[in-house]
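Colleague: I have some questions about how the terms are used here. Can we go through them one at a time?

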Amino acid sequence: MPIQTHTLETTQQANGSTHNVLRMYDQDGKELIATFYATVDPSSLVAGHIALADAHLAEQEFNEIVSVE
Amino acid sequence: MANIYVKSGATGSNNGTSWTDAYTSIASTFTAAAGDVVLVADTHSQTLAAATTFNYSNGTPAAPIPVICVNEGTGLPSTGAKVAMGNVANGHFSWGPGSSYFYGIKFETFSAFINQGFYFNVQPATNPTLIIFENCIMDMKATGSASNISVGHTANDEDFVTVVFKDTDYTTSSANNAVIFQRLGRLLWDGGSWTGTFPTSGLFKLAGTGQPFQINMNINNVDLSGASTNPIFSSNISGQAVLRNCKLAASYVAISSVTWEDTEASLTFYNCSGGDNHYAFEHYNYSGQMVVDTGIYVSDGAEYNTTGSKYSWKITTTANCSFYAPYVSPWIYSHNETTTAITPYLECMRDNSSGAVFQDDEVWAEFSYQGTTGFPLGVFVNDRMALLGSPANQTASSKTASDWTGETGTPGFFKIGPASSITPAEIGPLSAHVCVGKPSVTVYVDPQIRT
């Protein structure tokens, strides 16, 4: 189940970076989190985390299918 | 007890008794006896023609067989010896179950899309195995899908494998070159660096899911800054990992898309950062996470430098917590020097909440104090809602928006701590941790115990 929605919570840090908590949700509402610091616009990094989450979810789904069979 | 000599190009009788008569292959030393010392010339360079198991069978964790690169002229420890693997499919370097210690040697896999790794999983291991590398280089040039550092056994019923990297570097060439934990494997990495092409889905990860795989890792003073935005941890996690005093990338990713296989698994970062920061502290587990936040803090809060800069703990919960199974933060420590009644508490803030504060079934503190006369037995006290009780707002703080910096909207300011005073019976530790039982929320806490 690929990621359907996400939220990004960003707080500015004293050194100019941002701390970011990205919550990603698949269509079943399952949540995956990415936590990262960024010295660039954090929204530019979201797509990469979602791609990683999609791959992780696909792997999990595959493993579940294999284990059932 | 003897010195055993290894030197490529030695032209003597090649029996290992001197530099002249040195073995030309390190593999000839695997039968070294207890007390022997293997000396490898710093000019030594060999290419292995097959997968090789470095099993110094007479080595034990108490007395591993030492294999030391030395300068032939001075006899002093040196670096530069190299043991490479040739173009061999599945030409893995494996270590164990005998214990051994290596100094100054570079181990290098073949540069190709081929499966060659550094494996610490040789079975049967009926006793603990200890493999130590000091001032070594693990040069992973192979890029195949099984080209990784593999720590621990692939089967059950084996004994522990401990791998120590001391001032040892790991260089990588592919996203496949992760450090993979199997069963009963431990990695202690003290000093060194990881450079090259990094894994994109977790530098350190488990061998699989649904099995008793565990990360068991302590990393101190290691430069991981080359990882850039590749997550340090991703995918499935169980076990414990602690990183201390490490250099990370400026935009490092601590975790991304982690599935916690173990409710007690945790990842803790002490003073690890990509900048000139010396206060970072991060804790991650199944239920939530905590990081130091320097953008949101209370004006009389905890400080991280001599100019009075402040910080808070930013606690964020996952979807996996509840009143009965909350996220529990690391301890906040203080030393109490009174035996009179005190009412300790922590200042907290709920950001952008239209003024709402958390309730006592959502966020509470648990304090531990020396409440037992004559023994160090601690006593817990908290302000959690009573079981089967009705939730109530936590106590409003006298702090206001003018006392906090960096908040957004209209926050709720509150404090957590025992509802009534406590009287320590002895001087000693007074500690607190923050418990958050509400899923997917954020709370800011000033990490200093006030009384």
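What follows is a talk about a predicted model.

Colleague: What makes Glu9(A) and Lys314(B) a salt bridge?

Modeller: Take the distance from N to O. For the side chains of Glu9(A) and Lys314(B) this is 3.8 Å. The limit is 4 Å, for a nitrogen of Lys or Arg and a carboxyl oxygen of Asp or Glu. The pair is therefore a salt bridge. The count between chain A and chain B is 1.

Colleague: Which elements of chain A give two or more residues to the side that touches chain B?

Modeller: They are β1 (3-12), β2 (18-26), β3 (31-38) and α1 (43-68) of chain A. By class, that side has 13 nonpolar, 11 polar and 5 charged residues.

Colleague: How do you know how much area is buried between chain A and chain B?

Modeller: Compare the accessible area of the parts before and after they are put together, and sum the loss over both. For chain A and chain B this gives about 2,300 Å². Carbon and sulfur atoms give 45% of that. On the side of chain A, Thr35(A), Tyr37(A) and Leu52(A) supply 26% of the area buried against chain B, more than any other three residues. The contact takes 29 residues from chain A and 38 residues from chain B.

Colleague: Why are β3(A) and β22(B) said to pair?

Modeller: Pairing needs at least two bridges. β3(A) and β22(B), residues 253-260, are joined by 3, so they pair. They run antiparallel. In this pairing, Thr35(A) stands opposite Ile255(B).

Colleague: What about β8(B): which way does it run against β5(B)?

Modeller: β5(B) and β8(B) run parallel, joined by 4 bridges. Val67(B) has Phe102(B) as its bridge partner. β8(B) also pairs with β11(B) in the parallel sense, over 4 bridges. There, Tyr103(B) stands opposite Glu134(B).

Key. Residues numbered from 1 in each chain as written. Chains lettered and ligands numbered in written order. Predicted model: local features only at pLDDT ≥ 70, side-chain atom pairs only at ≥ 80, totals over all residues. Heavy atoms only, no water. Contact = heavy atoms within 4.5 Å. Buried area = accessible area lost by both parts, 1.4 Å probe. Nonpolar A, V, L, I, M, F, W, Y, C, P; charged D, E, K, R; others polar.
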